[in-house]
Amino acid sequence: MSIQKNKYVKYGLILLLSVALILFTMEIKLIKNPESTPITAMTFAGLGVLWLFSMIGIFISDMMQKSSVKFIRNFPILGWVSITSLLLCLLSDFFVQAIQAVDFLSITTPILTFAGISVANRLVDLRNTSWKVAIVAVFVFTGTYAGSALLAQIGLHLSGN
């Protein structure tokens with residue numbers, strides 16, 4: 001098996017693990033809240049569609065590395081996955097229905113987990129930055145929280161609650 005095929009097998013298995021985590025999260029959510037999105041055959045189809053879109057995006061990204069246009073070479077895999085998903089969902093309503101059968105919050109849990117692991121792997125780099133970054137981060141977080149609370153309050157006030 002060539003190195004390129006090994007890379008796709010590795011990515012495919014990682015994505016399969018992600019899909020399994022989404023399914024696990026949906027199951028836990030169903031145990032805690034039986035009224036949430038049920039796991040049906042369409043859920044498995046939706047998870048398969050998400051896996052397929054991701055693999056197609058990875059493949060397109062690899063093919064675009066051979067392009068002479070720098071913008072296309074540097075375009076992120078997430079962008080290719082998004083474009084693939086958009087085009088295929090526009091072509092067939094089946095993809096939309098299948099993906100709708102997957103609970104959105106169950107998708108976000110593994111994504112946030114992977115993001116946390118990614119950030120944790122870069123803590124050494126964070127140590128090398130200036131302490132002023134921590135002050136800026138506190139102000140950014142506080143401003144984001146206060147802005148969100150203000151917008152929510154305005155929304156509640158306008159809705160009459």
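This is a predicted model: local features need pLDDT of at least 70, side-chain atom pairs count only at pLDDT 80 or more; totals for chains, interfaces and linings use all residues.
At what angle do helix α4 and helix α5 pack?

Okay, the overall layout. The chain is divided into domain 1, residues 2-120, and domain 2, residues 129-161. Taken over C-alpha atoms, the centres of those domains are 31 Å apart. UniProt, in an unreviewed entry, lists residues 12-31, 37-60, 72-95, 101-121 and 133-156 under "transmembrane region". I checked what the model does in a couple of those spans. Residues 133-156 are 100% helix and 0% strand, with 34 Å between the end C-alpha atoms. Residues 37-60 are 83% helix and 0% strand, and there the end C-alpha atoms lie 32 Å apart.

Now, back to my opening question. Helix α4 is residues 77-91, helix α5 is residues 93-100, and they pack at about 115°, with 5 Å between their axes. Angles from 65 to 115 degrees count as roughly perpendicular, so α4 is roughly perpendicular to α5. On the α4 side you have L88, C89 and L91, and they meet D93, F95, V96 and I99 of α5. Sort that contact by class and you get six nonpolar residues, no polar ones and one charged.

α5 has another partner to look at, and that's α2. Those two pack at about 115° as well, with their axes 7 Å apart. So α2 and α5 are also roughly perpendicular to each other, and their crossing is left-handed. If you want to click on it, α2 brings M42, A45, G46, V49, L50 and F53, while α5 brings F94, F95, Q97, A98 and I99. By class, that's nine nonpolar, two polar and no charged residues.

Last pair: which way does α1 run relative to α2? Helix α1 covers residues 3-32 and helix α2 covers residues 41-64; their angle is about 150° and their axes are 10 Å apart. That makes the two roughly antiparallel. The crossing here is right-handed. Residues in this contact include Y8, Y11, L15 and V19 from α1, and F44, L47, W51 and F59 from α2. In total, the classes come out as 15 nonpolar, four polar and two charged.

So, to recap for your notes: α1 and α2 are roughly antiparallel, α2 and α5 are roughly perpendicular, and α4 is roughly perpendicular to α5. Thanks, that's me done!

Technical notes. Residues are numbered from 1 along each chain as its sequence is written. Side-chain values use heavy atoms; hydrogens and water are left out. UniProt positions are given in the numbering used here, feature names are shortened, and annotations may be inferred rather than shown by experiment. Helices (H or I, at least four residues) and strands (E, at least two) are DSSP runs, numbered from the N terminus. Domain bounds come from an automatic or database domain assignment. Axes are lines fitted to C-alpha atoms, for helices over the stretch in contact, and angles run from 0 to 180 degrees between N-to-C directions. Angles under 35 degrees count as roughly parallel, over 145 as roughly antiparallel, 65 to 115 as roughly perpendicular and the rest as oblique. A crossing is left-handed if the near helix is turned anticlockwise from the far one by less than a right angle, and right-handed if clockwise. Contact means heavy atoms within 4.5 Å. Ala, Val, Leu, Ile, Met, Phe, Trp, Tyr, Cys and Pro count as nonpolar, Asp, Glu, Lys and Arg as charged, and the others, Gly among them, as polar.
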